[in-house]
Each structure stands twice: as structure tokens, then as C-alpha cells.
Amino acid sequence: MILSFSHVTFSVGHASRRRRVLHDVSFSLSRGEIVALVGPSGEGKTTVINLATGLLTPDEGIIDTLGVEVSSAPDMNVSRLRAQRIGVVFQSFHLLPRESALENVLLPAYFGARPAYDMRERAATLRERAGLEGWRDVAAIELSEGQRQRVAIARALLQGPELVLADEPTGNLDDVAALKVLRLLIDEVRRENGTLLIATHDQRCLGLVDKTLVLRQGRIGTPDTPEA
Amino acid sequence: MIFQNVWALARKSFSFTRTATISPLLSVAMASGASLLLLSLVIGVRRVGVGGLLSTLPITRLVVGPKQVDLLFLRLGSSTVSMESSAIDSLRNIDGVAAVWPEMVLTMPTSLTGNLIGTPFSTDCATYGVPLEFFPPEQRPSGFSRAKTGEPIPAVLSLQLIDLYNSGFAGAQNLPGLSPKALLGRHFNLFLGTSSFFPSPPGGKTKWVRCKIVGLSDLVSVTGVTVPETYAKEWHEWYYDGAESPKFSSLHVVVESSEQVATVRKEIEALGLQARSPGEMAEKVALVSRYLSFATAVLMGLLLLLAGMGTANTLGLEVTFQAQRIGLYRALGASRKDVTRIYLLRAVWIGVSGAIAGLIPAAVLLLIADSLLVRVLPALARLPSSPLAISPFLMLISCVLAITASVVAGLGPAVKASRVDPVVALRRQET
């Protein structure tokens, strides 16, 4: 099992303003699966991604990511897991604006166990595969939004992660760019033999994935049983 | 994270905040430079004043003389007043007194002639006689004993006399300075019974003796020549035909231990005499030096505090402004410890760069100041060739202090950076 949520509950806010975002969520992803987590905005898709990466801790339940119980493991172990075995694509790209596309792709290498410089060749290859070969020294801020998301995808794949988590990767893109980015992401994850969980409200991705999970009112279901 | 990557990220964050880095760099540079200047000055003063004076004078020795009024560095009273030999017995009876070595003064007029750097000179002087034991064992001049017939009489001059000559007379007369080494072995003639102020009356007794300088000491009187006691007694006897008892300008009391000095001093003063330590002046210098050291420590502390505050302030602001970058680092795999290391390393970088930037001009300034001081200061016999203490060790201390201040100041921001919540920080950018 690559990722499993078991009876996970998560709330935000404090005291009387506390609001439950996830209710007893359970699901799992097997190796090589490409899974879409769909649902309306504000239903907790980003929370699921953050819980899976260990950036958030659930109120209850167990989250197992790549064999590490991220909900209770020490910060060092979870950080190492994120650095070496998980790739993350954010909706807002989160690139370093003044650095080049190559430097941005290379960024996760700094958190690994080897000198970041050793990964420059792979970073360049991924950048080219993302269709950015002519944008070597251009600062990220000067790229179009579609190009920025391509850089973010290349960055997520740099360390050859076993699990890629994409949070609304097409959220800020127009239709044409969104489809291209989705195809790039799925193709590249398949090429790297990875597992992908895409949190999205974009219905176009349903035809491209192996499995779809629906998140509605903080509960997980399938497209056939949306009120599960 | 391996160190190479931590360092690369620490450097990466500088390049975007060059302007913000200048302010803490300057304050650390000023702190390290000022630390070096102050340390060199204080240690220089201590070395010249305390090391040069205090360390050479035995603290268990008291110089007893007739009562005089002391006004800090100024001594009021008659230096011609002398004591009878009965005072020696009174002092020997005091508990804690190990020995009393009298400094006999010849009450007849005396003068000397000699040849100083090719120039003949003549001057009135006082003549004293002391036993060899008058000098502490480690300071005893060799050859200070009765000479063989026909050989010159051994004499000791005051080191302070050389200082006075070098700092005043030599400069005024455009004469070269004297070093103690150059004076050793030189000869002069000592005239007994006559001087320019008190020439010998017709038929009065006069004679001259050949003397040789065998030593220089802080313990002997500054106003004259000191010879072995046996000669002084003989000359006194010869001049007065036994009609006058010997007189003593001072009596040197050796106290058994430093703890007893205060008690012995009180008892001496109860006898109507005055006791002072030969190291009194040096002790005053030491006191001033201690105040100076304290003031320096306070000033250095303030400068380092200011440098630290500058570093802490800049790094704190950077952490606030770079929260999203830190959040991204955390989301991509940096642990809290890694983030702490990145910002601490940045503080180290500011400390090292600032310290080096401050030390170089400070060292140049010190060298210039030192060479100027050598020219300006009088050529005192005990003054080292370099009045300011300039050493790689002091540079290292200043450097370490500045880096420590910077690192300590960087601890707060580094911990603050490690506590940045990546989820909140990344969400902030989206909004």
C-alpha cells in the first residue's frame, strides 16, 4: 500500500469556532495507481493532501504514507519522507520567483542526502521533458502560468518519488493549458512508475485516471455513491 | 540535509536581501574592530603599567621613612630628613618583620663626574649605602660587594633615574636616550666631601673614588648613587672621625608574608614613621588599569549587544518576509532542524564576514597608532618597543566574540523560522 487513510477525522479552528473538515475518512492507494480526488472547493481536498504529506496532523485516525505513519512519526522522519519519496504539485505553483526554471526544479534536491549539484543533469532533463528547454535562465516570475506549473511538475518528479500528490494542478490555468498540464503530469508519473493522487474539481481529469474518489461534506465516496 | 546543501540555501537567501545584510554586517564589523582596539589598548596599558612596574617590585617589602604627606602621586615633605639607627631596632621588634635592610645616606656633600656618550659631565648627587641583602635574591646585581684593591667600587643607579633622563633631560638637550644595558660596566668618579652647592671649605676633607655601574634597580633612591654599605660606613667614619652616628634615608622592611603587610604597616605608622610599598605607584597604575579593563568590558559588551541586536533584528525581519520560502522548504522536505541550521549558518556568515571586515581596518589603525605612540611617548626604560598589544591571539578573541554575538543573536530568528507553519505560510501566498 502506498497511501492509506484509516478513519481520519480533522477539524480546523479553536474552541467554539472549531469546524470539522473531514469525517471518518478512509481510503487507500496501491502502487502505480493514478487516482483523482474530486469535489467542490472548500470540501477538504487540500487538507487530505497536507495530511498525506504530514504537514497536518489528524484529530483521529491513522495515515500511512509509504509505510510511515505520518500522523505520529517524528518531524525528521516525515521531512525525510517528503524530501526523498514524495513529490508535491501545488495549485499556486509556489516557485521561487526570481530563480530560474532549472533552479526551481532543483530545489527539492537541497533537502536530500546528496549534494544538490549532483541532480542538475536530471533537473535539466525533467525541465526539457516539461517543454521548457528554451527557458533555461529565465526567472520563474517571467514564465506564463502554464509554464510555471510545468516547472512545478518537473520539480515534484526530481527525486523520482514513489508518490506524487497534486493539489488542484490546473486550478489557475485556462482550458488548453490545463489539459496539457494534466496530460504531462499523468504521463510523467506513469513514466517514472509512480503513484499519483490528484485533488481537483476539474471533471476533465476523470477520463485520464484509474480511479476517482469523491470528497463531499468531509466524507469520501466514489462517483457512484457520492453520499457515502 | 547535508552541510553543503544547508550552506547553499543559506547563501541563496542572502542574494535577495543584500541591502538588509549590510546593516548587521556593519554593526558586527564595528563590534569586532572596536573589541580589538580596546583589548589591545587595555592589555598594552596593563603590560606597560602593571607588568612593567608591579611585577618587578616585591609586595612584601615596605620602605620606611620619616612621615610625609602623600597626595596621590605627589609626595610632600623633606626628603633630607633621615632616621637614627635606633629606628632599625624598633622595626626589627615588630611581629611579622623578617628583616630590616637600612639605606644609609651620606650626610656629607657628594658629586660625581663622568663621560656620557662622549660628553664629560658633572653633577651633585646623594650617596647611599646598602647591604647586598637589601636587594631581593632575584634582583641582586652581580659584583655588588667589596671590590679588590685598585678595582672600581660597584655602584647601582635607579631605573627611575634613567626614565627621568630619557623622558625629560635627553629630549630637552637633544641627547640620545639611554638603555639600562648600555650603562652597565660604565665608570665614573665619585667625589666625597664636596659638591657644586656645598664646596669643601679650605682645609676640609675631600677625596674621590672610581666607581663602576654594576646594576640598575627600582629599589634604590632615585637621587643618587648606591654603593655597598661597607663603603658608606667607612666614608662616614672618615669624614666625621666617628663623631656622628650614621643616618638612614629609608629602612627597607621585608615582611614575612603578604597577609601580614597591612598589620606591620600599621605598627610602623604607630612608631611615627611612614611605610610605603615600592609598588605603590604601580598599584595605583594597576587600579587605574582595573577600572579601564572594567570600562572596556562594559563598552565591548554594549558594542557586542548592539551588533547582536542588529543581527537579530535583520534576521527576524527576514524570517517574517521569507515565511513563504520557509514554508516551501518545509513542504518540499526540510525539517525544522534543517531550517534552524540554514538561518543559524546565515548568522555565522554575518558574524564571520563582519568580524573580518572589522578586524582588517582595526589592525591597520592599531599599527599606525602604535608607530605614532612609539614616536610620541618618552623612551622609558621599561616601555616595550610596541606599547599597544597587537597579537593574532587578540584578533582571534575579537573575531570569536563578534561571531558568538552574531550566532547568539541568530538563535531567536532561527528558532522562529523553524516554527513557521508551512500550511499557513503557503496559504498566505495563495491569498
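β6(A) provides the largest share of the lining of the largest cavity, 3 residues. This is a predicted model, in which local features need pLDDT of at least 70, side-chain atom pairs count only at pLDDT 80 or more, and totals for chains, interfaces and linings use all residues. Residues are numbered from 1 along each chain as its sequence is written, chains are lettered from A and ligands numbered from 1 in the order in which they are written, and side-chain values use heavy atoms, with hydrogens and water left out. Helices (H or I, at least four residues) and strands (E, at least two) are DSSP runs, numbered from the N terminus.

**Largest cavity**

- The whole structure holds 2 cavities of 30 Å³ or more; a cavity is a set of points, on a 1 Å grid over the protein atoms alone, where a 1.4 Å probe fits but cannot get out, and lining residues have an atom within 4 Å of a point.
- The largest cavity has a volume of about 70 Å³, a volume being the space filled by probe spheres set on the points, which are joined across faces, edges and corners.
- Its lining includes Ile86(A), Gly87(A), Val88(A), Arg155(A) and Leu332(B).
- α2 (75-84), β6 (86-89) and α5 (145-157) of chain A each give at least two residues to that lining.
- The lining divides into 7 nonpolar, 2 polar and 2 charged residues (Ala, Val, Leu, Ile, Met, Phe, Trp, Tyr, Cys and Pro count as nonpolar, Asp, Glu, Lys and Arg as charged, and the others, Gly among them, as polar).

**Second largest cavity**

- The second largest cavity has a volume of about 30 Å³.
- α5(A) gives the most to its lining, with 4 residues.
- Among the lining residues are Arg129(A), Arg150(A) and Glu188(A); the lining has 6 nonpolar, no polar and 3 charged residues.

**Sheet and helices**

- An open sheet of 6 strands in chain A has the order β6-β7-β8-β3-β9-β10, with mixed pairing; two strands pair if DSSP finds at least two bridges between them.
- β6 and β10 (219-221) of chain A are at the edges with a single partner strand each, so one side of each has no neighbour in the sheet.
- Strands β7 (residues 163-167) and β8 (residues 195-200) of chain A run parallel and are joined by 5 bridges; Asp167(A) is opposite Ala199(A) in β8(A).
- α5(A) lies across β6 and β7 of chain A, at about 170 degrees to β6(A); axes are lines fitted to C-alpha atoms, for helices over the stretch in contact (heavy atoms within 4.5 Å), and angles run from 0 to 180 degrees between N-to-C directions.

Terms used: On a 1 Å grid over the protein atoms alone, a cavity is a set of points where a 1.4 Å probe fits but cannot get out, and a pocket is an open set with protein on both sides within 12 Å along at least five of seven lines; lining residues have an atom within 4 Å of a point.
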